[in-house]
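Please look over the structure shown here. The briefing that follows covers the ligand site, a helix pair and some backbone features.

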Amino acid sequence: MTANTDHEMFNGLVQERRLVTAIPGPKSQALQARRTAAISAGVGATLPIFITKAAGGVVVDVDGNSLIDMGSGIAVTSVGNSNKEVVDRVVEQVNNFTHTCFMVTQYEGYVEVCEALNRLTPGDHEKRSALFNTGAEAVENAVKIARVYTKRQAVVVFEHGYHGRTNLTMAMTAKVAPYKQGFGPFAPEVYRMPLSYPSHDGLSGAEAAAHAISRMNKEIGAENIAAIVIEPIQGEGGFIVPAEGFLPALVKYSNDSGIVFVADEVQTGFCRTGNWFASEHEGIIPDLITTAKGIAGGLPLSAVTGRAEIMDSVHAGGLGGTYGGNPVACAAALGSIAAMEAEDLNAKAVRIEEIMKPRLAQIAADTGVISDIRGRGAMIAVEIMKKGTDEPDAEMTNKIAKACHANGVVVLTAGTYGNVLRFLPPLVMPEHLLEDALTIIEQQFKEATA
Ligand code: PLZ
């Protein structure tokens, strides 16, 4: 496999955008009809197409269309879809055994993944990890652990935050529609604080943190707070990068007040932002860190990693679940981590940012509807406003996203106001493919704003 040539193949798939039917094609439309008849209407989908094969930076649908994947299944297939390291290890593991339940009879893969997490996460203090299945489950368990350790109950989260769809994590998630609408009552003792949102609030990191800390002291009381849970860069909230100094001030407040600081790196972790973890950018050392998504190249796996004294404060048997740390998912994680190290995917993420930001800046200059270009590494977004105003334009955002889809580029939207177009390409995406995706995105912006 040679890097970044036009002939590059991943798992037998040419890395190209190729449309042979309209999107969706006839076979996808037929499946869509079966889907509607068989699947709850509550389960959404960004594109009405069905995939049969995916590798590297492309997904191929049932009609033979090859689309450029600028979403990675929401920041999951960072090592590329059907990555060889992942596939080989998964196949080997599936042939050996598929499940024993780690809480019944144990296996080495679980140990190895935890060793890797303890080694790769920020800080050289002694750490422990525990494995689960989904990001939401990791966040829930981080809260459980923090509550046991501190013997306190309150959980602090932030505006625009996203932490999952289970009952506790719905309470922790900011946005009501679609995540929470009608699903209450929600878990108690969850308090939402103002975030640092530099392009909106104009505050320095220190000012925004002082504001949040003053409110925590007045409205909750530091001595009642078990955990502060925050995404170092908010994902679903619209790739909001807090002003420099905001996160370190919250970490200091946590350390000074006996609060467990939890970095939710479910979306930002595993090379996505050009570091193993986004916390590293400002050198913060979280007490606990939650991971999922990119950890296992597409298999469901999540983790809580953190200070040994916190992680070990839980009574034996207090943490677990039938499938947590499933051996096949662990094999996939070990393959993903091996690929990230061997291919230096942090450097690839940085390179993706270098390619994307100038081209997005050109689109902003040409169209006048982009108010902010932000993010880090291969986690980049643009915020879209009505021309000449600071009014979020969700309609335009959706129009551009749909036009990209129709032209063979999978892009995702995000943001509390639905006006953020976000890009999460696989880190292995060949540069010519990324450039092609950007050209399509540029054309759709121009047409939509003409
Ligand atoms: N924490 C920071 O980004 C998942 C949600 C997609 P799960 N984000 C994608 C959707 O609409 O459901 C996420 C996240 C952060 C937690 C989670 C939750 O991870 O694996 O989806 O449970």
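A residue counts as near a molecule or strand if one of its heavy atoms lies within 4 Å of it. Around the ligand there are 15 residues, of which Gly 135, Ala 136, Arg 165, Asp 264 and Gln 267 come nearest. This is a predicted model, in which local features need pLDDT of at least 70 and side-chain atom pairs count only at pLDDT 80 or more, while totals for chains, interfaces and linings use all residues. Residues are numbered from 1 along each chain as its sequence is written, and side-chain values use heavy atoms, with hydrogens and water left out.

**Ligand site**

- The shell around the ligand consists of five nonpolar, five polar and five charged residues; Ala, Val, Leu, Ile, Met, Phe, Trp, Tyr, Cys and Pro count as nonpolar, Asp, Glu, Lys and Arg as charged, and the others, Gly among them, as polar.
- In the side chain of Asp 264, an N or O atom is 2.7 Å from a nitrogen atom of the ligand.
- Glu 236 has a polar side-chain atom 3.3 Å from a nitrogen atom of the ligand.
- For Tyr 162, a polar side-chain atom lies 3.3 Å from an oxygen atom of the ligand.
- On its own the ligand has 500 Å² of accessible area, and the protein covers 82% of that area (Shrake-Rupley method with a 1.4 Å probe).

**Helix 4 and helix 11**

- Helices (H or I, at least four residues) and strands (E, at least two) are DSSP runs, numbered from the N terminus.
- Helix 4 spans residues 108–120 and helix 11 spans residues 327–342; their axes come within 9 Å and cross at roughly 35° (axes are lines fitted to C-alpha atoms, for helices over the stretch in contact, and angles run from 0 to 180 degrees between N-to-C directions).
- Helix 4 contributes Gly 109, Tyr 110, Glu 112, Val 113, Ala 116, Arg 119 and Leu 120 to the contact, and helix 11 contributes Cys 330, Ala 333, Leu 334, Ile 337 and Glu 341 (contact means heavy atoms within 4.5 Å).
- The residues of this contact are eight nonpolar, one polar and three charged.

**Backbone features**

- A cis peptide bond, with omega near 0°, runs from Ile 23 to Pro 24.
- Pro 24 sits in the loop between strand 2 (13–14) and helix 1 (26–38).
- The peptide bond from Gly 184 to Pro 185 is also cis, with omega near 5°.
- Pro 185 belongs to the loop between helix 6 (167–172) and strand 8 (190–193).
- Asn 11 is not a glycine, yet has a positive phi of about 45°.
- The loop between strand 1 (9–10) and strand 2 holds Asn 11.

Conventions: Polar contact = N/O pair within 3.5 Å; in protein donor to acceptor, adjacent residues only side chain to side chain.
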